[in-house]
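Please look at the sequence and structure first.

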Amino acid sequence: MADRVFNVLFLCTGNTARSILAESILRKDGADRFRAFSAGSHPKGKVNTFALEVLEAFDYPSDGFRSKSWDEFATPDAPKMDFVFTVCDDAAGEACPVWPGQPMTAHWGIEDPAAFVGPDFEKERAFNKAFRFMRNRIACFIALPFASLDKMALTNRLRDIGHMDGATRASEKA
């Protein structure tokens, strides 16, 4: 793959937490080589405040995010995606739109911190954990030698990243 800026879309169901975390992390850590986006199959319309607080705490961008539909990225005038990653098991199992340009895809499932029920300090801990797992995956992704990998090798590497620590059971089976 050529040395250029790649467009990456992170998908989840509600687009309130994991996909937002991933978009922010890649925006900062891969800013010179990647453009990051996120969306949901059934967006909730509001970003989870714990996700924004965790991003701020780790000095990652936390402004300008909105919960939006993946339909925005399946139109002819949308940015052409090079990579599409599902970060929740529900989105991975849904029928996705046909993405213009046939991007490479992988499932990087991480447990949903927004689904955690308990006191706020434990919710924050769940978001911190999801953030760390996602940041580790993205660090491995941006370190890949894209120019020297053929499509099959890159596909295998993307799948391996989805099996890293913190993977949901669906990710482990993929």
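## The largest pocket

On a 1 Å grid over the protein atoms alone, a pocket is an open set of points where a 1.4 Å probe fits, with protein on both sides within 12 Å along at least five of seven lines; lining residues have an atom within 4 Å of a point. The model is predicted, so local features need pLDDT of at least 70 and side-chain atom pairs count only at pLDDT 80 or more, while totals for chains, interfaces and linings use all residues. Residues are numbered from 1 along each chain as its sequence is written, and side-chain values use heavy atoms, without hydrogens and water.

Which residues lie nearest the centre of the largest pocket? They are Cys 12, Thr 13, Gly 14, Arg 18 and Asp 112, out of 17 lining residues. The lining divides into five nonpolar, six polar and six charged residues, with Cys counted as nonpolar, Asp and Arg as charged, and Gly as polar. Helices α1 (18-29) and α3 (89-93) each supply at least two lining residues; helices (H or I, at least four residues) and strands (E, at least two) are DSSP runs, numbered from the N terminus.

## The sheet

Four strands form an open, parallel sheet in the order β2-β1-β3-β4. Two strands pair if DSSP finds at least two bridges between them. Because β2 (34-40) and β4 (104-107) stand at the edges with a single partner strand each, one side of each has no neighbour in the sheet.

Strand β1 (residues 6-12) is joined to β2 by seven bridges, and Cys 12 stands opposite Gly 40 in β2. Cys 12 is also among the residues nearest the centre of the largest pocket.

## An aromatic pair

The whole structure holds 18 aromatic pairs. Rings of Phe, Tyr and Trp (its six-membered ring) pair if their centres lie within 6.5 Å; planes under 30 degrees apart count as stacked, over 60 as edge-to-face and the rest as tilted.

Tyr 60 and Phe 131 form an edge-to-face pair, 5.2 Å centre to centre with 70° between the planes. Tyr 60 lies in the loop between α2 (49-57) and β3, and Phe 131 in helix α4 (residues 120-142), so the pair ties together parts 71 residues apart in sequence.
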